[in-house]
Amino acid sequence: ELFLIKNHFLKKLVILFLILFSLLASYIISPIGQYSLVDNPVRNIDKKYSYLLKKYIDFNSLSEESVLIALFSSNCNYCFDSAEKIGITQKFKSFKKIISIFSSDLENAKLFVKNSKYSTSIILSTKIDFLKLTDYHYPKFYLINKNGSIFSYEASFFQERTIDKLSNAQL
């Protein structure tokens, strides 16, 4: 007999408890990583990155509002998912200034933007500059805030919560 428990109800209760405990044990032993719960921008951008960004974007022409610079590859699924999240946020909140940098041709970049349903300015870069700006990991995001400070977000740190905060200009 299972666990030598005679009472049928008590036996089911013990089995249910063991099943729930076995499912939760992995989260108790190894909780969800903090990097997935916290916005973690890199704040002091290396001068080479700001130089490369300035090669494609005139910082003097940027208005007083924050600007999000998204580096997307038109054939990257993670890039497309991030672009769709930005598009959804744009529908519900005022997400004003987004500049997308692509290393692909203009036709593929326009198709990417159309299919992901978000509004952006498109800038094309060389493949070498794109890879340098993304550190070979894309998508990558830069935020230039109202004060001119540049923040960098790796793809794994750029989540819906971060997009939401950016749309409210809290960063």
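**Reading the cores and salt bridges of a predicted model**

Me: Which residues does Leu53 touch, not counting residues up to four places away in sequence?

Reply: In this predicted model, Leu53 touches Phe59, Ile69, Ile101, Leu133, Tyr142 and Ile150, with residues up to four places away in sequence left out of the list.

Me: How many residues does the largest nonpolar core have, and which have the most contacts inside it?

Reply: A nonpolar core joins buried residues such as Leu, Ile and Tyr through side-chain atoms within 4.5 Å. Here the largest one has 19 residues, and Leu53, Ile57, Ile69 and Tyr142 are those with the most contacts inside it.

Me: Which elements give two or more residues to this core?

Reply: Helices and strands both contribute: helix H2 (47-56), strand E1 (67-72), strand E2 (97-102), helix H5 (127-134) and strand E4 (140-144) each give two or more residues. The largest share, 4 residues, comes from H2. There is also a second, separate core of 17 residues, which includes Ala70, Val113, Phe141 and Leu143.

Me: Let us turn to charged residues. How many salt bridges does the structure hold?

Reply: Side chains of opposite charge can pair when their charged atoms come close. The structure holds 2 salt bridges. In one of them, Asp129 pairs with Lys55, and the closest N and O atoms are 2.7 Å apart. This pair links distant parts of the chain, since Asp129 lies in helix H5 and Lys55 in helix H2, 74 residues apart.

Me: Is Asp129 buried or exposed?

Reply: The cut-off for buried is under 20% relative accessible area. Asp129 counts as buried because its relative accessibility is 5%.

Me: Which residue forms a salt bridge with Lys140?

Reply: Asp135 does, with the closest N and O atoms 3.2 Å apart.

Me: Where in the protein is confidence lowest, and where is it highest?

Reply: The pLDDT expresses the predictor's confidence in each residue. The mean for the protein is 78, and 71% of its residues reach 70 or more. Helix H6 (residues 160-167) has the lowest confidence, at a mean of 63, whereas helix H4 (residues 106-116) has the highest, at 95. Over residues 32-38 the pLDDT is below 50, and this stretch has 7 contacts in the model beyond near neighbours in sequence.

Definitions and conventions
Residues are numbered from 1 along each chain as its sequence is written. This is a predicted model: local features need pLDDT of at least 70, side-chain atom pairs count only at pLDDT 80 or more; totals for chains, interfaces and linings use all residues. Side-chain values use heavy atoms; hydrogens and water are left out. Buried means under 20% relative accessible area, exposed over 50%, partly exposed in between (1.4 Å probe, protein chains only). Contact means heavy atoms within 4.5 Å. A salt bridge is a side-chain nitrogen of Lys or Arg within 4 Å of a carboxyl oxygen of Asp or Glu. pLDDT is the predictor's confidence in each residue, from 0 to 100.
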